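Biologist: I would like to go through the helix packing in this model. Please set each label against its cut-off.

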Amino acid sequence: MRNSACSGRWSLLSGAVALSLLAGPALAADPVPQSDLLNAELWMQRSVEYKANSLAVYALGRIQLDKALAEKTWTAATEQTGNYQDLPPAVVLDLDETAMDNSAYQAGLVTTNGEFSPKTWDAWVKAEKATAVPGAVEFTQYAESKGVKVFYVTNRNADQEEPTRRNAQALGFPMGGNVDTFLMSKEKPDWGSAKGTRRAYIAKDYRIVLLFGDNFGDFSDAYNGSEADRLKAFEAAKEHFGRDWLMLANPGYGSFESAPFGHNFKLSADEKRARKIGALEPWVAPAQ
């Protein structure tokens, strides 16, 4: 019995040694990067659940678009004023993580243990490697076929417009013809990160029937307040969601994760993480 057991242990040990040799020394020497983004980006890049969620949002978008076109008083924009009923219809989409998938950039932050920076983000945008969020191209093409103008209100900067346009065109998104449908941050003096001024700009000439986004700020300029302020604004506007405001899931980044630390990006990573943990409402199992 002893010899048999020893033999079995030796076989397991030999196998483990062989595997470690095949893997190479770097595997044992290099620590696995610890990133708060890991599960979020794994979900967005690899899960069928993410794809199903996105397809469902855009399928609902088709249903709601047909309803909106049949109802002249329908508008999604709180900025819409005046006699808008006979204006031509339009839909407004955010780009990043709403229409265009940048999970490869985010995944790169995970694998290199890096952090977002304007420099690396600019390089990513100019590489024109973003892919389409499932269902987005098909929905926008459907909208265009119905005579609906498709606008993209994005917080990519004005100097990133041309590579963004080329990337979007290569993916098959409607480009707007002779109308500038890509409204970038800082393209005009009053076009900052809040998007209300850009929605108002569109609403002068179009009846905005649907808004699509992955962040509360794609629908309301009240996105950047405290958690209590955001919840109050959400409660006031929640009847829009599922009707004319359609939200895609993005667990990777957004105002939801910066609200617990007051949107103060000068804090250290540990300080941000501590405040996010402090915002949780946990249930802890009683000690045994």
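Biologist: What is the handedness of the crossing where H4 passes H7?
Modeller: H4 passes H7 in a right-handed crossing. Keep in mind that this is a predicted model.

Biologist: Which residues of H4 and H7 make the contact?
Modeller: On H4 they are Tyr58, Gly61, Arg62, Leu65 and Asp66. On H7 they are Ala136, Glu138, Phe139, Tyr142 and Ala143. By class, this contact has six nonpolar, one polar and three charged residues.

Biologist: How do the axes of H4 and H7 run?
Modeller: The axes of H4 (residues 48-70) and H7 (residues 136-145) come within 9 Å and cross at roughly 15°. Angles under 35 degrees count as roughly parallel. Therefore H4 is roughly parallel to H7.

Biologist: Why quote both an angle and a distance?
Modeller: Two packed helices are described by the angle between their axes and the distance between the axes.

Biologist: Now H3 and H4. Why are H3 and H4 called roughly perpendicular?
Modeller: Their axes cross at roughly 65° and come within 5 Å. The roughly perpendicular class covers 65 to 115 degrees. H3 and H4 therefore count as roughly perpendicular to each other. H3 also passes H4 in a right-handed crossing.

Biologist: Which residues meet between H3 and H4?
Modeller: Trp43, Met44, Gln45 and Arg46 of H3 meet Val48, Glu49, Tyr50 and Lys51 of H4. The contact of H3 with H4 divides into four nonpolar, one polar and three charged residues.

Biologist: Where does Ser47 lie?
Modeller: Ser47 lies in the loop between H3 (38-46) and H4.

Biologist: How do you know whether Ser47 is buried or exposed?
Modeller: Ser47 has a relative accessible area of 9%. Buried means under 20%. So Ser47 is buried.

Biologist: What makes the pair of Ser47 and Trp43 a polar contact?
Modeller: A polar atom of the Ser47 side chain lies 2.6 Å from the backbone oxygen of Trp43. The cut-off for N or O atoms is within 3.5 Å.

Biologist: Which residues of H5 are buried?
Modeller: In H5 (residues 103-111), the buried residues are Ser103, Tyr105, Gln106, Ala107, Leu109 and Val110.

Biologist: What do the buried residues of H5 pack against?
Modeller: They pack against H3, strand E2 (100-101) and H6 (118-127).

Terms used
Residues are numbered from 1 along each chain as its sequence is written. This is a predicted model: local features need pLDDT of at least 70, side-chain atom pairs count only at pLDDT 80 or more; totals for chains, interfaces and linings use all residues. Side-chain values use heavy atoms; hydrogens and water are left out. Axes are lines fitted to C-alpha atoms, for helices over the stretch in contact, and angles run from 0 to 180 degrees between N-to-C directions. Helices (H or I, at least four residues) and strands (E, at least two) are DSSP runs, numbered from the N terminus. Angles under 35 degrees count as roughly parallel, over 145 as roughly antiparallel, 65 to 115 as roughly perpendicular and the rest as oblique. A crossing is left-handed if the near helix is turned anticlockwise from the far one by less than a right angle, and right-handed if clockwise. Contact means heavy atoms within 4.5 Å. Ala, Val, Leu, Ile, Met, Phe, Trp, Tyr, Cys and Pro count as nonpolar, Asp, Glu, Lys and Arg as charged, and the others, Gly among them, as polar. Buried means under 20% relative accessible area, exposed over 50%, partly exposed in between (1.4 Å probe, protein chains only). A polar contact is a pair of N or O atoms within 3.5 Å; within protein, one must be able to donate a hydrogen and the other to accept it, and residues adjacent in sequence count only if both atoms are side-chain atoms.
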